[in-house]
Structures are given as structure tokens and as C-alpha cells.
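Please consult the sequence and the model alongside the text.

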Amino acid sequence: MYGVCGCCGALRPRYKRLVDNIFPEDPEDGLVKVNMEKLTFYALSAPEKLDRIGAYLSERLCRDVARHRIGHVCIAMEALDQLLMACHCQSINLFVESFLKMVAKLLETDKPSLQILGTNSFVKFANIEEDTASYHRSYDFFVSRFSEMCHSSHEDPEERRRIRMAGIKGLQGVVRKTVNDELQANIWEPQHMDKIVPSLLFNLQQIEKPESRSPSPLQTTEKERESPAELAERCFRELLGRAAYGNIKNAIKPVLMHLDNHSLWEPKLFAVHCFKIIMYSIQPQHSHLVIQQLLGHLDANSKSAAAVRAGIVEVLSEAAIIAASGSVGPTVLEVFNTLLRQLRLSIDYELTGRYDSAMNIGFKTIKEHEERRFQEGVIKTIGSFANTLPAYQRSEVMLFIMSKVPLPSFHHNAADVGKPGDDRIRLIQIMLLKSLLQVSIGFKSNNMLAALPSSFLDPLLSAALMDDMDIRLFVLEILISLIDRHGNRNKFLPIRILPDISVFKLRVEKCSRQDTLFMKKHCQQLYRHIYLGCKEESNSYYHYEALYAMLALISLELANEEVVVDLIRLSLALQELVLTNEDNLPVYNRCAVHAVTAAYLNLISQLTTVPAFCQHIHEVIEMRQKEAPYLLPEEVFAEKPRLSKCMDRLETELLFLQSKICEVLGGSGYNSERLCTPYIPQVTDEDRLSKRKSIGETISLQVEVESRNSPEKEEKTPAEEITFETLKKAIVDSVAMEEQERERRRQVVEKFRKAPFEEIAAHCGARATMLQSKLNQIFEITIRPPPSPSGTITAAYGQQQSRSIPVYEMKFPDLCVY
């Protein structure tokens with residue numbers, strides 16, 4: 001009966017008749033609008049018929065597609081779109097199922113026009129906010145089909161562009177439809193992200209040639225001028241912007257896999273551009289998740305080519321710059337630990353020439369220059385990360401990196417140096433110190449005690465005693481970066497003497513209480529390492545430049561009156577060091593130290609603003625300009641320095657006199673007694689690291705002075721008459737006496753280094769007892785107690801009570817006092 005009624009139009013159901021009436025006789029006339037309005041009104045009046053309308057439209061569309069009646073297909077889709085936009089009722093879900101089947105039918109065809117038509121309808125549907133949720137709707141087919149369209153390889157470039165753009169719009173519609181509805185398909189699942197993200201990246205990396213797609217570019221609309229790359233970038237940004245905390249990893253992993261599969265790390269331009277989009281699109285509080293993903297990917301590629309690892313590190317560096325301050329996450333040290341581990345692995349690869357020490361065949365060829373480039377990239381990335389951290393975390397990072405630097409132990413002898421593996425240790429030391437320098441650049445702290453704690457400063461200064469000239473220079477640069485808080489460093493380049501330092505426009509602030517405490521605690525360490533640093537034969541211009549900057553910055557940043565006095569004493573001690581030349585320094589080094597001393601005293605004299613002091617310094621400098629220009633920085637540090645071979649005899653007018661400086665500064669309120677005391681560097685256990693002969697001589701000299709002043713030497717040598725014969729004999733025997741003196745000093749030093757503690761204690765105790773007995777005898781002779789009002793003070797046993805010596809008046813040998 002139903003089939004018979006179907007043959008007669010008057011007996012057919014009303015919804016079918018209304019649907020049939022929207023189709024004109026000629027498809028080119030388009031949708032019959034009047035009849036479409038009737039159909040819409042009927043659907044709104046009888047919502048229960050909406051699903052039947054959709055099913056009938058779907059049936060007609062499938063028939064028209066099979067018969068290639070493209071006009072009727074377009075009319076059917078237009079009618080579906082209007083019904084979707086107008087009907088928002090509880091029964092729309094069944095209508096949507098029919099609609100999606102029709103869209104899927106169009107997408108399955110091989111005609112680009114139908115594919116684009118179906119995509120446009122789906123995009124309109126995606127923008128509709130439904131009143132009721134759907135629990136069973138699936139978009140797997142659409143994700144797969146739209147992704148396939150994004151990779152279209154149609155012969156016609158224009159058709160290919162339109163198909164790809166339709167695919168991108170379709171993916172954008174799927175994301176918009178599902179991303180905010182928890183009851184629908186989870187678009188963030190890996191099986192969906194592994195299709196969506198690579199499809200967008202594929203179009204993002206396709207750069208089209210600039211050509212007109214129409215006869216007149218001025219007549220094209222903005223939508224027509226848009227390229228797949230621009231649309232893909234916009235869709236990619238929208239996808240990332242909607243990602244929640246738990247979905248970031250699923251969105252980033254396909255990006256990493258795409259870059260791996262298509263070897264896009266090595267040019268690294270696209271990789272950097274891609275992650276810039278990611279970092280700017282995601283929510284700022286999620287930035288550390290991206291960085292963690294990149295770090296994990298770097299670990300996973302530990303044995304990949306250096307160019308690949310360098311690309312990942314470059315991306316890391318750019319991502320860290322974009323990341324907001326403090327957004328690296330709670331595992332800050334883990335970030336640096338990963339980078340430092342990769343740095344060590346790269347050094348091992350460079351030295352061994354292969355990625356796996358257990359492999360003997362089949363390993364990849366390692367290029368040294370590529371590994372060096374990777375190492376520089378890691379160091380740059382470490383600096384980028386550090387710049388995003390607050391000051392307190394930056395201090396922790398510096399301490400952490402310093403703890404990774406392999407330094408010789410105090411228990412190791414100098415003979416241990418030169419064993420296998422020293423090249424690796426040296427490279428690790430240099431690379432870690434480079435990293436530390438990157439972290440310290442731009443670091444400013446108002447509290448130097450917090451910025452340079454003992455746990456950081458002590459090992460850093462220990463590295464300054466090593467023989468390697470590069471390591472010493474890095475240590476100086478690190479200290480300069482940390483001390484220079486007002487950007488005065490570059491104003492001292494190059495080393496020169498200016499009559500008026502006001503041209504430097506130096507920024508000087510009063511020394512704070514924290515800085516004063518820091519200098520009281522660590523000043524002697526700093527002075528000592530500056531002094532010892534000037535004694536190195538391997539010093540270059542850059543070392544003397546850093547030493548001069550170190551002196552100048554301490555004067556500007558950390559100086560009070562006491563520090564100024566000590567720095568002047570240190571400068572005069574450096575002058576005395578190269579005058580006596582006990583270390584047999586080359587002529588260049590001696591002239592360089594003289595030049596540094598002159599430049600610094602010129603600076604400090606103008607900072608103290610004591611006229612007599614400035615006059616003395618200027619007089620010496622003027623005399624050097626006339627008589628000995630090789631003692632000034634302009635001559636010594638020129639490209640072709642002209643040095644004097646005769647440095648043993650310098651006129652007094654060419655030297656800065658301690659007595660004169662003490663006199664002029666003492667009259668201005670400075671501590672003249674301290675100024676007149678020559679500076680002698682402290683002796684510590686670090687001297688074992690340096691392997692310097694001069695250190696041992698400094699120790700033996702102090703021991704020798706003490707032994708000569710000890711009370712064991714009771715016999716006093718009578719004064720010898722000085723004659724011509726005496727002087728002649730002293731000159732002739734000077735060489736032999738120097739050898740004997742040097743041997744005696746060595747024996748004294750070895751005794752105090754290797755003798756058991758009990759023996760040294762007993763020796764010092766015996767000398768202290770003898771000294772005390774002599775002092776008691778002197779006190780008994782010279783000191784008499786004052787008479788008491790009641791007569792002589794007697795003890796309990798009727799004996800006269802002797803006066804006891806207070807502890808602070810007792811004299812002890814220097815070795816007993818710490």
C-alpha cells in the first residue's frame with residue numbers, strides 16, 4: 001500500500017511533498033525560497049518530523065550524488081544548512097545524524113567541488129551551539145578525511161590549494177565542536193592529535209610562491225588571498241589556545257614526532273618558528289610543560305647527530321626566552337641538570353669519536369665542529385633559562401653548576417696532573433665555567449653575601465689557582481659579572497690612563513652594610529687571588545684587562561675606607577713583585593703588571609679626591625711617559641708593544657712610593673699605619689692546587705722569619721763592619737748562598753707539611769714554653785707591682801703573691817695563632 005501511495009503525489013506524506021517542492025525543475029534556478037520557508041515552518045511546528053525530513057533529504061542526496069546531479073546536491077545541502085540554523089529543539093540530534101551522513105557522503109566522493117561543499121556545510125554546523133548534548137556521536141571519520149584533504153596532491157595547484165584549505169577548515173570545525181563538550185569525543189586523545197597536528201604542520205611549512213590567483217589581485221577578497229599556511233597557523237594557534245593543563249603533552253608530542261620524521265631539526269628555522277607559535281599560543285602557566293617535553297626529547301635523542309641535538313637546543317633557547325619569568329616550573333635544577341648532562345655527553349662524543357663506547361662497528365661519524373656548535377648552543381640555552389629566573393633561583397643555579405665543576409682535591413698532589421682523562425676534565429671544566437658565566441651575565445643582587453656565599457666563592461676561587469689560562473680567565477669574568485651591578489665593566493676597556501675619569505661617567509653608590517660584611521669576610525681571598533693571578537707567566541692581555549677591571553669594580557662597588565687602603569697596598573705589592581722578580585717573570589709580564597698598577601692608581605687617586613695623592617700619581621705617570629713609556633698601558637698593550645730589556649734597575653722617579661703615599665693619605669685621615677704595612681697574601685691549603693714554586697717560597701719565608709725571631713736563637717751575632725771586601729765577598733758568594741737558602745726553605749716547608757701533628761705540636765710547645773720563661777724573667781726585672789694601702793699583699797701561706805700576666809698580654813708564636 002505504501003508503495004502504491006508513493007506513486008501518487010497527492011497521497012505522499014506532507015514532509016516529503018514539502019521537501020520535493022524546494023527543488024526547482026532547472027537546478028540552475030537554485031533553491032525555491034518560498035517553499036523552503038514552508039518547510040522550515042513545518043519543521044518548527046512539528047519537531048518530531050525533523051528526523052524524517054533529514055532522512056528523506058539524505059536519501060535524495062545520495063541518489064543525486066550517484067547520478068552526478070551536482071545542482072540538486074548543492075540545493076539539498078543548502079536546505080540542510082538552513083534547517084540546522086533554524087531548528088534548535090531536543091530532537092535535532094537525529095537530524096544531525098542524517099546531516100553528518102550526507103556530509104560524509106560528499107567527502108567520500110572524488111570530486112573536489114563536492115568535498116569542499118561538504119566541508120563548508122560541516123563548518124557551519126560546527127559553529128552552532130546545540131541545546132542538548134550527544135553521547136554517541138563520533139567524528140573519527142571526519143578527522144581522518146579532513147587530515148587526508150590537508151595532504152592533497154591534486155595536479156592543479158589552485159584546486160590543490162582549495163582542497164587543503166577545506167581540510168584545514170574542517171579540522172578547525174571538529175576542534176570547535178568537540179573541544180568544549182566533555183560528553184562528546186575527546187579530540188585530545190593521541191589517535192586524533194596524531195592526525196590533526198601533523199596535517200596543520202604540513203601546511204604550515206609549505207611556502208607558496210607569490211603569484212596572483214586571479215587576473216587582478218585588487219579584485220580578490222581577503223578570504224581568497226589567504227594561503228593554506230596562514231590558515232593552518234591560525235587553526236594551530238586556536239587549537240593550542242584551547243588546550244588545558246592535561247592536554248598539552250598530547251598536543252606537543254605529535255609536533256616533536258613530525259619534526260623527527262621530516263628531519264626538520266637540522267635547518268631548525270621551521271622548528272623554531274613552530275615552537276614560537278606554541279609558546280605564544282598556550283596559556284603562560286603551561287609553558288614549563290612544553291619545556292619539559294623538549295628536555296625529554298633531547299634526552300631521547302642523546303645519540304642522534306649533533307645537528308639534530310643542536311636544533312632541539314636552539315628551540316629550547318627560544319622557548320625559554322618567550323617563557324614568562326619563573327614559569328620554567330618547579331623542577332628548575334632538573335632543567336639545568338639535563339642540559340649539563342648533555343654537555344658532558346657531547347664532550348665524550350667529541351673525544352671518543354663515537355656515540356657508544358661499547359660499539360666497535362657501525363657507529364656514525366662524529367664531526368668535531370658540529371659537537372662544538374652543539375656545546376655552544378647548550379651554553380646559550382643555559383643562559384636563556386637563567387634569564388627567566390628570579391634572583392634567588394639564579395643563585396641556586398650558579399651554586400648547582402659550580403658543584404658540577406671537577407676541581408682537584410686538596411688531597412691530590414701535583415703529580416696526579418697529566419694522567420689519562422685530563423683532556424676530558426679540562427673540557428668539562430671550561431664548558432661548565434662558560435655556562436656559569438652565561439648565568440652570571442646580567443645578574444644583579446643587592447646582597448653580595450647571598451650572591452657569593454662561601455659554598456660558591458671558595459671552589460670558584462680554587463679554580464683561579466689552576467695553571468690553565470682559559471680557566472683562570474673564565475673565573476675572573478664570572479667574578480666581574482657578579483660584582484658589576486651598575487654596568488661599569490665596559491667603561492674600563494681598553495686599559496688606559498685618563499687625566500680626568502669623569503669621562504667614564506661611572507655609576508658609584510655608597511657601600512651598603514651587606515657589602516661591608518661581605519668584604520670583611522672575603523676581602524683577603526679576593527686580594528690574594530688578584531695577587532697570585534698577576535704572577536702567572538701564561539697571562540695574556542685579556543687576563544690583565546680582567547684583573548684591572550676586578551680592581552676597579554671592587555673600588556666602585558664594594559669599597560669603604562679600609563678597602564681602599566688595602567687595594568692601594570695590594571697595588572704597591574704588585575709593583576714590588578715585579579721589581580724583585582723572584583718568580584723570573586718575562587719582560588712582558590713585568591711591564592704589564594707595572595701598567596696595570598699605574599692605571600689603577602690613577603683611577604683610585606681620582607676616586608679618593610686627595611690632591612696630594614693625585615699629584616704624586618700624576619708625577620710618576622708623566623715621568624714614565626717621558627723616560628719609560630713601556631711601563632704604561634698605552635705602550636704595553638699595543639698591537640706591537642715596544643718593551644725594555646732592562647727592567648732590573650728603575651729610577652725612583654718611575655715608581656710609586658709607599659712612603660710618599662702613606663704620608664699624603666695619612667694626612668687626609670686614612671690609616672697611615674696600615675698603609676705603611678706591606679701587603680703579604682694569606683697562605684691557605686689551596687696552594688697545593690696551584691703547583692707554584694712561589695707559594696712554597698711564601699710559606700717558607702714566613703716560617704723563616706718566625707724561626708729567626710724565635711727564642712731558640714740565644715746567641716746574637718755581633719755587628720759586622722761593612723767594607724769593600726765584605727761587599728765583594730757577598731756578591732761572589734750570593735749564588736751559592738741563594739741555593740743554600742732555597743734548600744733550607746724547602747726543608748722547613750716539607751717538615752711542616754709531612755711531619756706528624758704531635759711532633760709539630762711538641763716543637764711549638766717547647767718553643768712557647770721557652771719564650772714564656774724568658775718573658776717571665778723580663779717581667780720580674782722590669783715590672784713591680786704598685787704598693788697597696790695595707791702594705792704588701794701576702795698569700796694565704798704568708799708568701800708574697802707574684803703578679804699574674806693577663807692572657808691578652810701573653811705572647812705566642814705565630815704558628816700557634818690562627
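Which side chain is joined to that of serine 555 by a polar contact? The side chains of serine 555 and tyrosine 600 are joined by a polar contact of 2.6 Å. A polar contact is a pair of N or O atoms within 3.5 Å; within protein, one must be able to donate a hydrogen and the other to accept it, and residues adjacent in sequence count only if both atoms are side-chain atoms.

The model is predicted: local features need pLDDT of at least 70, side-chain atom pairs count only at pLDDT 80 or more, and totals for chains, interfaces and linings use all residues. Residues are numbered from 1 along each chain as its sequence is written, and side-chain values use heavy atoms, with hydrogens and water left out.

**Two buried helix positions**

Serine 555 belongs to helix α25 (residues 541-557); helices (H or I, at least four residues) are DSSP runs, numbered from the N terminus. Serine 555 has a relative accessibility of 9% and so counts as buried, where buried means under 20% relative accessible area, exposed over 50% and partly exposed in between (1.4 Å probe, protein chains only). Leaving aside neighbours within four places in sequence, its contacts are Leu567, Tyr600, Ile604 and Leu607, a contact being heavy atoms within 4.5 Å.

Alanine 463 is placed in helix α22 (residues 454-463) and is buried, with a relative accessible area of 0%. Not counting residues up to four places away in sequence, alanine 463 touches Leu407, Ile471 and Val475. Its C-alpha atom is separated by 9.6 Å from that of leucine 433, 30 residues apart along the chain.

**Helix α16**

Helix α16 (residues 306-322) has 17 residues and reaches 24 Å from its first C-alpha to its last, close to the 24 Å expected at 1.5 Å a residue. The expected span is 1.5 Å times one less than the number of residues. Because 14 of the 17 residues of α16 are buried, this helix is largely enclosed by the rest of the structure. Arginine 309 lies over the face of phenylalanine 374, at 4.6 Å from the ring centre. A charge sits over a ring if NZ of Lys or CZ of Arg is within 6 Å of the ring centre and within 35 degrees of the ring normal.

**Cysteines**

The count comes to 1 disulfide, defined as a pair of cysteine sulfur atoms within 2.5 Å. Cysteine 662 and cysteine 676 form a disulfide with their sulfur atoms 2.3 Å apart. The torsion about their S-S bond is about -90°, so the disulfide is left-handed. Cysteine 662 lies in helix α30 (residues 658-666) and cysteine 676 in the loop between α31 (672-675) and α32 (687-690), so the pair ties together parts that are 14 residues apart in sequence. The table lists the accessibility of these and other cysteines.

| Residue | Relative accessibility | Class |
|---|---|---|
| Cysteine 62 | 29% | partly exposed |
| Cysteine 534 | 3% | buried |
| Cysteine 662 | 7% | buried |
| Cysteine 676 | 44% | partly exposed |

**Aromatic rings**

There are 17 aromatic pairs; rings of Phe, Tyr and Trp (its six-membered ring) pair if their centres lie within 6.5 Å, with planes under 30 degrees apart counted as stacked, over 60 as edge-to-face and the rest as tilted. The rings of phenylalanine 336 and phenylalanine 385 have centres 6.2 Å apart and planes at 65°, so this pair is edge-to-face. Ring pairs also link Phe99, Phe122, Phe125, Tyr139, Phe141, Phe142 and Phe146 into a cluster.
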